[in-house]
Amino acid sequence: TMDFSVVDDVVQVGDKESFLMTRRLVREEGLFVGGSCGMAVAGALRWIRANNLGADKTVVVLLPDSGSRYLSKIFSDDWMRENGFLESGTISELLATRNRGVITASCNDTVGVVIGRMKSDGISQMPVVDDDGTLMGIISEVDLLNYMLSGEGAIDHPICDIISHNYVAVRPDTSLDSLSQVAGRGPVAIVVDDENRPTGIITKIDMIDYLASKVR
């Protein structure tokens, strides 16, 4: 029943992308459609981006399937999660729920300056950057305390020598599911952009608060 002579292009879309789009269509557009319709819209959006179509173009996508037959599968959170199709969100979505930006320290900042900044901003750790804003490490209350207790602590000493690398660097589009698998490697995750500049910092309690807010 397929006449390939009238087909100009083909876009391949996977199950996960199709199912997530199906759920989006209900949530955002009120369109109670099935998985093949989600696949059609996901494929259309891919084709639009690939061909750089602007807002002045009209794209028609046919949605011939109802969602009534998918209540126990695509529209079931448990089924989606059990089959690896439903993620808990991305790091960028978590950061969007917070009002605070990332506060960084310079490698040349002194111990006294960093202590004062932590007290005034009510934080317990800061990413440390070089003159170009590139991530070098992290400084925490524990690092400062150990330094001061060592007996060699000087309040005007630069923090370069005592910064830690006990963190996980992640991208904004990293899923929270993926982050949870690597979170054990460090107490915090530092979000970096393509130039390795910190754009956010996430602790385990940040993840817990965000995930708890989604199930209330």
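Which residue of β3 does Gln125 stand opposite? Gln125 stands opposite Ser140 in β3.

The structure is a predicted model, in which local features need pLDDT of at least 70 and side-chain atom pairs count only at pLDDT 80 or more, while totals for chains, interfaces and linings use all residues. Residues are numbered from 1 along each chain as its sequence is written, and side-chain values use heavy atoms, with hydrogens and water left out.

Helices (H or I, at least four residues) and strands (E, at least two) are DSSP runs numbered from the N terminus, and two strands pair if DSSP finds at least two bridges between them. Burial is given by relative accessible area, with buried meaning under 20%, exposed over 50% and partly exposed in between (1.4 Å probe, protein chains only). Five of the five residues of strand β2 (residues 125-129) are buried, so β2 is largely enclosed by the rest of the structure. Gln125, Pro127 and Val129 point one way from the strand, whereas Met126 and Val128 point the other way. Strand β1 (residues 105-106) runs parallel to β2 and is joined to it by two bridges, with Val129 as the bridge partner of Ser106. Strand β3 (residues 135-140) pairs with β2 in the antiparallel sense over five bridges; in the hairpin of β2 and β3, five residues lie between the strands, and Gly133 takes a positive phi near 85 degrees.

**Salt bridges**

A salt bridge is here a side-chain nitrogen of Lys or Arg within 4 Å of a carboxyl oxygen of Asp or Glu, and the structure holds eight of them.

| Pair | N to O distance |
|---|---|
| Arg23 and Asp77 | 2.5 Å |
| Asp65 and Arg69 | 2.8 Å |
| Arg171 and Asp194 | 3.9 Å |

Arg171 lies in the loop between β4 (168-170) and α7 (176-182) and Asp194 in the loop between β5 (188-192) and β6 (198-203), so the pair ties together parts that are 23 residues apart in sequence. Arg171 is partly exposed at 34% relative accessible area, while Asp194 is exposed at 74%. In the salt bridge of Arg23 with Asp77, the partners belong to distant parts of the chain, Arg23 in helix α1 and Asp77 in helix α3 (residues 77-82), 54 residues apart. Arg23 counts as buried at 15% relative accessibility, whereas Asp77 is partly exposed at 37%. Asp65 is likewise buried, at 13%, but Arg69 is exposed, with a relative accessible area of 62%.
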